Amino acid sequence: MGVSFQSVFASQTKMGIVRMSYWFLLLWNGVWCACPEGNWVQRKANEAFFRYERETKDFANAESSCVQNEGNLASLHNQEEFDLVATILEECGAQDAWIGLKDPAGKNLEWTDDTPVDFKITDTEVDFNEEHEECVRMRQERRNPWQWWDKDCTSEYPYICKKDINECTTNVHNCDANATCTNTKMSFTCTCKDGFRGTGTTCSDVDECATRVHNCIFIANSVCTNNIGSYTCPCTDGYRQKGMACEDINECNTSTRRCDTNAECTNTEGSFTCKCKTGYQGDAKTSCTDVDECATGHHNCTSIVNSVCANTNGSFTCPCKTGYEKGVFSCVDINESTTNAHNCDANATCTNTKMSFTCTCKDGFRGTGTTCSDVDECATRVHNCSSIANSVCTNNIGSYTCPCTDGYRQKGMACEGKLIEITNLQLLE
């Protein structure tokens with residue numbers, strides 16, 4: 001017959017007993033040399049399977065038996081399938097066998113697997129009587145060519161089942177990776193999945209964002225982002241997902257500081273602003289440096305008499321000049337002499353001056369004023385004891401005295417007559 005067949009073995013379970021049947025197809029000059037009874041046989045890969053059952057049944061029970069084995073009574077759609085069934089019947093010694101063709105209404109032929117009647121053999125003897133339902137069998141008489149014969153459906157014959165190959169589960173389809181394969185009788189269909197478009201054998205991504213077939217427009221503050229086969233609606237910068245909405249992020253309250261340490265953060269819708277604090281300048285986000293108000297002249301110290309400007313971080317002060325202290329509205333001179341805010345020696349006199357003071361050693365002392373030492377008037381002869389007769393110079397700390405010499409006594413500014421010593425003995429005499 002010039003046709004190449006593949007061998008198949010199958011296991012069946014009947015009445016609780018497992019029967020493993022092995023059979024072989026031997027090719028010798030195109031002759032098939034074994035009957036595949038009870039086993040599915042395939043002419044070549046990716047085509048339907050056929051199965052011969054010798055047990056006789058009426059048409060309805062034969063169809064039911066085929067369905068239980070995941071098939072239907074055989075439908076034939078081309079000469080190759082017809083020849084394969086004829087060969088199976090010949091090798092199994094059958095003269096008659098039900099196929100899945102019938103005329104339920106006496107008008108139109110139908111296959112039990114609902115496939116189209118798109119193939120007819122020549123020399124057929126099918127001649128339906130419209131008075132009752134009739135079914136079709138394959139029959140061969142006296143080695144004549146196999147033909148289709150009609151017969152009352154209640155008659156009992158062996159039968160041929162057919163099982164369609166599921167191209168989708170056996171991966172013998174050509175659907176695109178992004179398509180859905182749907183098995184059909186004798187074939188399959190390919191449909192691009194949601195988010196893709198094409199013929200099914202080729203499917204390309206649909207850019208929902210570019211084609212505006214998305215619902216991101218209903219989510220305020222979101223943006224459409226295309227993905228392979230789909231899209232997402234992530235929130236724009238400054239917003240975060242909350243349920244089905246995008247809510248504003250208060251960047252000023254987040255753990256990551258957004259502004260410089262010396263700047264103030266102000267939250268805005270979808271963003272924030274940074275402003276350097278008073279006394280600082282810069283871009284506020286990365287840097288705020290101190291403004292030297294004293295150097296730029298942006299201060300009011302000039303309104304405070306006898307004060308100076310002193311720069312501080314972010315501000316300035318107006319301290320009084322040296323020698324002055326804060327008054328009510330100005331800086332007033334400090335009287336170092338009365339406030340003891342001087343460094344004069346204990347033996348010096350402090351004299352207040354504007355913004356300062358002076359130290360002068362007192363009479364009887366000499367030095368810088370901050371240090372004063374005693375002057376020895378007697379040794380230096382800077383005294384007036386010589387003008388007092390019968391006196392002598394005696395140095396004191398910071399001064400001197402002119403006491404009378406022995407035998408004289410002080411009287412006013414002079415030393416008078418010499419004293420006469422009278423002893424007790426003299427007094428007795």
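Proline 104 counts as partly exposed because its relative accessibility is 37%; buried means under 20% relative accessible area, exposed over 50%, and partly exposed in between, with a 1.4 Å probe and protein chains only. The structure is a predicted model, in which local features need pLDDT of at least 70 and side-chain atom pairs count only at pLDDT 80 or more, whereas totals for chains, interfaces and linings use all residues. Residues are numbered from 1 along each chain as its sequence is written, and side-chain values use heavy atoms, with hydrogens and water left out.

Proline 104 lies in the loop between strands S8 and S9. Helices (H or I, at least four residues) and strands (E, at least two) are DSSP runs, numbered from the N terminus. The C-alpha atoms of proline 104 and cysteine 153 are separated by 9.8 Å, although the two residues are 49 residues apart along the chain.

## Helix H2

Helix H2 covers residues 79–91. Its 13 residues should span 18 Å at 1.5 Å a residue, and the end C-alpha atoms are 18 Å apart, which agrees; the expected span is 1.5 Å times one less than the number of residues. The buried residues of H2 are Glu81, Phe82, Leu84, Val85, Ala86, Thr87, Ile88 and Leu89.

At the start of H2, a side-chain oxygen of asparagine 78 comes to within 3.2 Å of the backbone nitrogen of glutamate 80. This is a polar contact, defined as a pair of N or O atoms within 3.5 Å; within protein, one must be able to donate a hydrogen and the other to accept it, and residues adjacent in sequence count only if both atoms are side-chain atoms. Just after H2, glycine 93 takes a positive phi of about 70°.

## Nonpolar cores

A nonpolar core is a set of buried Ala, Val, Leu, Ile, Met, Phe, Trp, Tyr and Cys residues joined through side-chain atoms within 4.5 Å. The largest one has 24 residues, and those with the most contacts inside it are Phe50, Leu76, Leu89, Met138, Trp148 and Ile160. At least two residues of this core come from each of strand S6 (49–57), H2, strand S8 (96–103) and strand S10 (134–139). H2 supplies the largest share, six residues. A second, separate core has 12 residues, among them Phe59, Ala62, Cys66 and Tyr157.

## The cavity

The structure holds one cavity of 30 Å³ or more. On a 1 Å grid over the protein atoms alone, a cavity is a set of points where a 1.4 Å probe fits but cannot get out, and lining residues have an atom within 4 Å of a point. The volume of the largest cavity is about 50 Å³, a volume being the space filled by probe spheres set on the points, which are joined across faces, edges and corners.

Arg43, Glu47, Ala48, Phe50, Glu80, Glu81 and Leu84 line the largest cavity. H2 gives the most to this lining, with three residues. By class, the lining has three nonpolar, no polar and four charged residues; Ala, Val, Leu, Ile, Met, Phe, Trp, Tyr, Cys and Pro count as nonpolar, Asp, Glu, Lys and Arg as charged, and the others, Gly among them, as polar.

Most residues other than glycine have a negative phi. Glutamate 70 has a positive phi, near 65°, and is found in the loop between helix H1 (59–68) and strand S7 (72–73). Glutamate 70 counts as exposed because its relative accessibility is 62%.

Aspartate 114 also has a positive phi, near 65°. Its place is in the loop between strand S9 (110–111) and S10, and at 70% relative accessibility aspartate 114 counts as exposed.

## Sites later in the chain

Glutamate 208 lies in helix H3 (residues 208–211) and is buried, with a relative accessible area of 6%. Its C-alpha atom is separated by 9.6 Å from that of threonine 232, 24 residues apart along the chain. Serine 307, in the loop between helix H4 (293–296) and strand S25 (310–312), is buried at a relative accessible area of 12%. A polar atom of the serine 307 side chain lies 2.9 Å from the backbone oxygen of cysteine 301, and a polar atom of that side chain lies 2.7 Å from the backbone oxygen of isoleucine 304.

Isoleucine 397 sits in the loop between strand S33 (394–396) and strand S34 (399–401) and counts as exposed at 68% relative accessibility. Isoleucine 397 and valine 375 are 7.7 Å apart, C-alpha to C-alpha, and 22 residues apart in sequence.

Key
1 Å grid on protein atoms, 1.4 Å probe; cavity = no way out; pocket = protein on both sides within 12 Å on 5 of 7 lines; lining within 4 Å.
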